[in-house]
Amino acid sequence: MINLIQTSRQIIHRFEELIIAILLGGMILLAGSQIFLRNLFDSGLIWADPSLRIMVLWVALLGAIAATRENRHIRIDLLSQLLPQRSQSVMTVVHDLFSALVCGLIAWHSTRFVYFEWQDGTQLFSNLPAWVGEIIIPIGFTIMTIRFILNIPLHLLERKTA
Amino acid sequence: MIVTIGLILLALSGAPLFAVIGAGALWGFYQSEIDLSVVAIEFFRLAETPVLLAIPLFTFAGYLLSEGRAPSRLVRLTQSLLGWMPGGMAFVALIACALFTAFTGASGVTIVALGALLYPALKQAGYKKNFSLGLVTTSGSLGLLFAPALPLILYAVVAQQLGIGGSITVDEMFLAGILPGLLMLFVLMIWGLYSGRHLKLIPFSVTEASAAIKDAAWELPLPVILLGGIYSGYFAISEAAAVTAVYVLFVELAIHKDISFQQLPRIMHEAMLLVGGILVILGLSLASTNYMIDTDVPGLLFNWLHERVHDPLTFLILLNIFLLILGTMLDIFSALVLMVPLLLPVAVEYGIDPVHLGIIFLANMQIGYFTPPVGMNLFIASYRFDKPIAEIYRATLPWFLLLFGAVLIITYWPSLSLALLNRN
C-alpha cells in the first residue's frame with residue numbers, strides 16, 4: 001500500500017516536471033522564433049504574444065503547485081526558529097489548514113469566474129475561448145488545496161520519525 | 001482589526017505569504033460586499049502584463065548559468081584581467097559577484113555558486129579571513145541594481161499597476177540603477193584597495209588573459225547583446241529575456257556541454273518553483289492592492305503621517321529605518337509587492353520621484369540581506385563556509401557600514417538615480 005502511494009506520487013511528480021519543461025521549452029522556442037521572424041522577415045505569428053502571456057500564467061501556477069509539494073513557498077522565517085519543537089509542529093498544521101482554506105476559497109470563486117466566462121462565450125484571440133486560458137487558476141488552486149491538506153499527515157509523520 | 005492582527009501573526013509565524021495576502025484580499029472584498037470572483041479576475045492580470053514573460057525566462061537563464069561552469073569561467077576571466085592591480089582580487093570578487101547577481105537575482109545563488117570559488121582565492125591572495133568572509137557575504141546581493149535583475153523589473157510592474165506618478169517603465173528602472181549600483185561597487189572597491197595595500201602584486205600574464213578570454217568567449221557577448229539591446233531600445237525587455245534564454249541554452253548545452261539534456265527538466269523545475277512562488281504572490285497582491293486603493297489606505301496613511309512628519313527629509317530618514325528592518329524580515333519579492341503599493345503613493349505626496357523611490361527601496365533591501373542579526377545571506381554564508389554566525393556578523397560589519405553610507409547617499413541625492421533619465 002505504502003509502495004503504491006510512493007510510486008503513484010513519483011509518477012505524478014515526474015508528470016508535473018514534464019509539463020513544466022514542455023511549457024517553458026515552448027515559451028523559449030515561441031518567444032525566440034518571434035524575434036527571429038520579426039528581424040529577418042519583418043513578420044510574426046499573431047497568436048504568439050497572447051499565447052505567451054497565457055503560458056506565463058500557467059507556468060506561474062504550475063510552479064506554485066510544485067512549491068506547495070516541496071513546502072517551499074516564500075515565507076517569513078523569523079519566529080518559527082525560536083519556537084520549541086512541539087509548538088513548531090502545531091504551527092505547521094495551523095499553516096497548512098489556513099493555506100488550504102485560502103486556496104479552497106480561491107479555487108471555488110475562480111471556478112465561478114471561469115464558468116461565467118464560459119457562459120458568456122468570452123474570447124481571448126482568434127476564436128480561442130477565454131476559459132481555456134483561465135482554467136488553470138481553479139485547477140492550480142484546487143491542487144494546492146489538496147496538497148496542503150495532504151501535507152498535514154505528511155508533516156506529522158516526518159516529525160514523529162525525526 | 002482582529003482579522004488583520006491574526007493575518008500578521010500568521011505571516012510572522014511562517015505561514016506561506018501568498019496565502020496571507022490572498023486571505024487579506026478575500027476578507028477585504030467580503031467586507032465591502034464585492035463578489036469574491038474578483039480575486040480570480042485580478043489574478044488573471046498576470047496574463048495581461050506582457051513584461052512578466054521576462055521573469056521565467058531570465059530566471060531560467062540565471063539558473064542555467066549557475067548550474068554549469070560559467071561561474072568559474074567568469075572568475076578566471078576577471079582574475080586574469082584585474083588580478084594584477086593593487087586590490088585586484090577584491091575587485092575580481094566584487095565585479096564577478098555584481099555581474100552574476102544581476103543575472104540570477106539575489107536569491108542567495110551568488111554566495112553558493114561564486115563564494116566557493118572566491119573565498120579560497122581571496123585567502124590565497126593574502127587577504128585576511130574576516131575580510132574575505134565579509135566580502136563574499138556582502139557580495140551575495142551586490143548587483144541588484146544592475147539590469148536585468150528581477151527586482152528592478154518587478155518594481156516597475158508593481159508601480160505600473162498602481163498608475164500614479166506618471167508611467168514607470170522597466171527601461172527607466174534599468175537606467176536609474178546604473179549610477180547607484182556603481183557607487184556601491186566603487187565604495188567597496190576602495191575598501192578592498194585599502195585592505196589589500198600591503199599585499200604582493202601578481203604580475204599580469206598575457207597568456208593567461210588570452211586563455212581566459214578564449215575560455216569565456218561564448219559568454220562574453222551576453223551582457224553586450226543584452227544590455228546593448230535593451231538600452232538602445234532594439235529589444236523590448238521580454239524579447240531580451242528570450243534572446244538571453246535561447247543564447248544561454250545554446251552555449252551551455254551545445255558549445256560547453258556543461259549541462260546535459262537530461263538535466264534540463266530538473267533545472268527548469270527548480271527555476272519555475274521560484275517563479276511560481278513569486279508570481280502567485282504577485283497575482284494575489286494585485287487583488288489585495290486593488291482593495292487597498294479602493295478603500296484609500298495609502299491616503300489614510302499619508303494623512304496620519306503628514307500630521308507628524310512635515311518635510312520629505314524626515315520622511316526619507318524614517319523610510320530608511322523602516323526599509324532596513326523590513327529587509328531583514330521579508331525577502332525582496334514579497335517586500336516589493338506588499339509595501340510598494342503602500343509606500344509609493346505616500347512618497348509621491350512627499351514629492352519623491354517614483355523611480356528614485358524604487359532605487360531607495362531596492363538599495364535598502366540589498367543591505368537588508370546582510371543586516372545583523374537576521375539577514376538571510378548571513379545564514380547562507382554561515383552554512384556555506386561552515387563558520388559560526390557570530391563570526392559572520394563580525395566579518396560583515398565593516399562592509400555593512402560602508403554600504404549603509406552608500407544607501408544614505410543614494411537616498412538623499414536623487415540626481416544620482418535620475419541623472420541618466422530624461423525626467424528632470
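Trainee: Where does B:Lys257 lie in chain B?

Mentor: B:Lys257 is in the loop between α13 (237-255) and α14 of chain B. Helices here are DSSP runs of H or I with at least four residues, numbered from the N terminus. Keep in mind that this is a predicted model, where local features need pLDDT of at least 70, side-chain atom pairs count only at pLDDT 80 or more, and totals for chains, interfaces and linings use all residues. Residues are numbered from 1 along each chain as its sequence is written, chains are lettered from A and ligands numbered from 1 in the order in which they are written, and side-chain values use heavy atoms, leaving out hydrogens and water.

Trainee: What makes B:Lys257 exposed?

Mentor: Its relative accessible area is 62%, and exposed means over 50%, buried under 20%, partly exposed in between (1.4 Å probe, protein chains only); B:Lys257 is therefore exposed.

Trainee: Why are α9(B) and α14(B) called roughly parallel?

Mentor: Helix α9 (residues 150-162) and helix α14 (residues 264-294) of chain B pack at about 25°. Angles under 35 degrees count as roughly parallel, over 145 as roughly antiparallel, 65 to 115 as roughly perpendicular and the rest as oblique, so α9(B) and α14(B) are roughly parallel.

Trainee: How far apart are the axes of the two helices?

Mentor: The axes of α9 and α14 of chain B are 11 Å apart.

Conventions: Axes fitted to C-alpha atoms, helices over the stretch in contact; angles between N-to-C directions.
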